[in-house]
Every structure is written in C-alpha cells, then in structure tokens.
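Subject: Structure handover

Hello,

Here is the structure for you to take over. Please open it first, then read the notes below it.

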Amino acid sequence: MNATDALRHDLLAAYGGLLARRRRRLRLARTAAIACAAGLVLAGAGVGTAALLGWPAPAHVKDELAAVDRGLPPDLRLNPDVEHARAVASTAGATLYAASLRDGGSCTEIVSAGERGRGARCTTGAELASRPLDVTLPFDDDAAADSPVVLGGRVNADAGTNLDILYADGSSDAVPLADERYFLFDVPAAKLSAVRASGFELVARDREGSVVGRETVPGDWDDPAVPDEQAPLYVSTRSDESDFTKVYGLEGHVGATGAVTLELDYGDGTRVAIPLRPDGSYEYTLPPERVDDFMQPRTLVARAADGRAVATATVAAVAYWRARERAAP
C-alpha cells in the first residue's frame with residue numbers, strides 16, 4: 001500500500017467511527033439527514049459509501065488527464081493542473097477526480113472498481129455558462145442488465161445547490177453535491193433496469209427551487225455502437241499520437257446501396273480515387289505532402305455507377321475535431 005492509499009484508508013477508518021456515532025444519535029432523534037462536516041460528504045441509502053475527499057489522484061489518473069492535450073499544438077492545449085488533481089466525489093464503487101484549468105474550468109475522470117479509468121472529460125471556463133450541468137456516464141457494451149451504473153459530473157451553475165435524478169416511472173432520488181458542486185452517484189439496484197430501458201433526467205435547482213440546469217439521458221445511452229458495415233460511409237483516420245494535426249491514412253467501409261467508387265476531395269480541385277474492396281472496405285495511405293492538409297475538413301464521396309453521390313463523409317485531423325469541440329458554445 002502506497003502513502004496515498006494508506007492515508008485514504010486511515011481517513012476512511014476514522015470517518016467510519018464518526019459515522020457510526022452519528023447514526024446512533026440520528027436513530028435516537030428519529031430523524032434522517034445527510035451528515036456534512038469538515039469536508040465530509042455522506043451519500044444517502046443506495047448512493048454509496050461516504051468518503052473524506054481531497055486525496056491526490058493516482059499516477060495513472062494524472063496521465064489520463066494530461067492525455068487530453070496529447071498530440072495537440074500549443075494553441076489548442078488546455079494544460080490541466082494534473083499535479084494537483086484530486087478526488088472530488090466518491091461512492092462505494094467509484095471515485096471522481098478533477099484537475100483545474102487556468103480559465104476556471106476543469107477536467108474530470110471517473111475511476112471505477114479495480115482502478116479502472118473511464119475516460120477524461122474537460123469543460124473550459126468559456127463553456128461553463130452554456131453548460132450549467134455536466135454529466136458523464138461510462139458503460140461497457142457487454143455489461144449485464146444488473147451491472148452497476150455510476151454517473152458523475154458537476155453542477156456548473158453557481159446558484160445550484162440541489163440535484164435530483166428523475167426516473168421514467170416518476171420517482172426520483174437526491175444526488176448529493178460535494179465541494180464545488182461535483183457529484184458521483186451509484187444508481188440504486190432497484191432502478192437499474194429502468195435507467196437502462198428508459199434513461200433518466202438530471203435536474204439542478206437553486207435554494208428557491210428554481211431549475212438552473214437540466215440534462216436528459218435517453219434510453220439508448222448504453223446501446224451497442226452501430227457496426228461500421230451498417231453505416232453508409234464510415235471513415236477512420238490513421239494518426240500518430242505525437243502530433244494529431246497530421247493524418248497518415250484513411251480506412252473504413254462503404255455500406256451505401258449502389259456505391260461502386262470512392263473518392264477523396266481535397267477541396268482545392270484535386271480528387272483522388274480510393275479503391276473499394278469487394279466487401280466495401282477500403283484503406284488509403286496519404287502521400288507525405290498531404291499529411292498536413294487535414295486541419296481543414298476534406299470530403300469523402302461514394303458514388304454509384306452513373307456518378308451520382310450516394311454517401312459523403314467529412315474527414316479531418318483529430319486536432320481539428322478537438323478544436324471544434326472546445327470552441328463549441
């Protein structure tokens with residue numbers, strides 16, 4: 001056990017005794033409450049184990065948070081403060097870690113059982129006004145119907161003081177907010193089937209009960225991804241993670257009915273034919289002089305025998321899509 005794990009273990013053990021004494025007093029008073037003191041957050045029944053927050057993120061989480069800038073040019077990097085990344089919310093089966101951004105935003109990652117990182121997500125300071133509520137919902141394609149479901153994020157609206165999850169059957173649960181309005185919530189076992197079948201809604205409110213943020217998660221949130229072969233025109237770019245402004249190759253599949261040819265339009269009058277295999281798949285290596293051309297979107301066009309376009313797809317470098325996401329309102 002390393003120093004961080006030992007500290008967390010000792011803090012949780014100490015808090016366990018405090019929690020037991022508080023529960024005895026609560027039973028005597030015949031009241032139900034959420035115990036909060038000195039940074040302690042107690043989640044309600046079915047939500048998860050309480051935890052003393054603020055311990056440093058483990059090395060693998062810092063690496064995953066730092067990876068949001070990997071391969072991007074300096075002007076597109078967010079530079080999260082990974083050295084000070086910390087736990088901001090926790091349940092019995094997961095922890096939410098956050099690293100601050102200089103503009104007031106943050107990057108977060110949920111880590112589930114077995115120290116499994118579920119992917120980093122960032123919200124810049126410029127995005128806070130247009131995104132009053134952030135939610136991340138990791139899932140596995142092969143998850144069983146009774147597999148745990150954890151959701152986490154942050155109420156970005158400064159006025160937000162309460163958060164509820166609303167189920168399709170009309171029932172709801174309170175989602176406890178930790179410091180800085182971060183949250184992590186284990187969906188109760190009795191609600192797992194409803195959440196998977198019908199989705200849910202998160203509603204954040206201020207002290208007066210007015211809605212300050214709302215996010216709807218549809219019932220298909222954990223449906224398997226559509227196979228590439230079923231898409232009219234699927235394209236994947238081949239890049240080097242050291243520089244995501246470059247594209248070295250394209251590969252994918254054409255599923256559009258009647259498609260017999262495929263071409264890449266560079267947008268400067270140059271069009272290149274890309275051979276299609278009998279099964280509709282293709283692979284194309286870009287010439288060295290073209291690998292830097294995809295910070296502007298280019299177009300793939302699948303055509304029928306008469307030259308008619310039957311499917312199109314936009315092709316761009318990973319860095320282009322990252323820049324677009326970060327510039328979105």
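Both Cys107 and Cys122 are buried (under 20% relative accessible area with a 1.4 Å probe, protein chains only; over 50% is exposed, in between is partly exposed). They form a disulfide, with 2.0 Å from S to S (the term covers a pair of cysteine sulfur atoms within 2.5 Å). A search of the whole structure finds one disulfide. The link of Cys107 and Cys122 is right-handed, with 105° about the S-S bond. Cys107 sits in strand 5 (residues 106–112) and Cys122 in strand 6, so the pair ties together parts 15 residues apart in sequence.

The ground rules: this is a predicted model, where local features need pLDDT of at least 70 and side-chain atom pairs count only at pLDDT 80 or more, while totals for chains, interfaces and linings use all residues. Residues are numbered from 1 along each chain as its sequence is written, and side-chain values use heavy atoms, with hydrogens and water left out.

Helices (H or I, at least four residues) and strands (E, at least two) are DSSP runs, numbered from the N terminus. Two strands pair if DSSP finds at least two bridges between them.

Pocket

The largest pocket has a volume of about 390 Å³. A pocket is an open set of points on a 1 Å grid over the protein atoms alone, where a 1.4 Å probe fits, with protein on both sides within 12 Å along at least five of seven lines; lining residues have an atom within 4 Å of a point. The volume is the space filled by probe spheres set on the points, which are joined across faces, edges and corners. There are 23 lining residues, and the closest to the centre are Arg118, Ser147, Pro148, Val149 and Val150. Strand 6 (116–123) and helix 3 (192–198) each supply at least two lining residues. The lining splits into 13 nonpolar, three polar and seven charged (nonpolar: Ala, Val, Leu, Ile, Met, Phe, Trp, Tyr, Cys, Pro; charged: Asp, Glu, Lys, Arg; polar: the others, Gly among them).

Three bridges join strand 9 (residues 162–167) to strand 10. Leu166 has Ser172 as its bridge partner.

Another open sheet runs 14-15-18, also antiparallel. Strand 14 (233–238) and strand 18 (281–285) each have a single partner strand, so one side of each lacks a neighbour in the sheet. Strand 15 (residues 249–254) pairs with strand 18 over five bridges. Leu250 stands opposite Tyr284.

Regards
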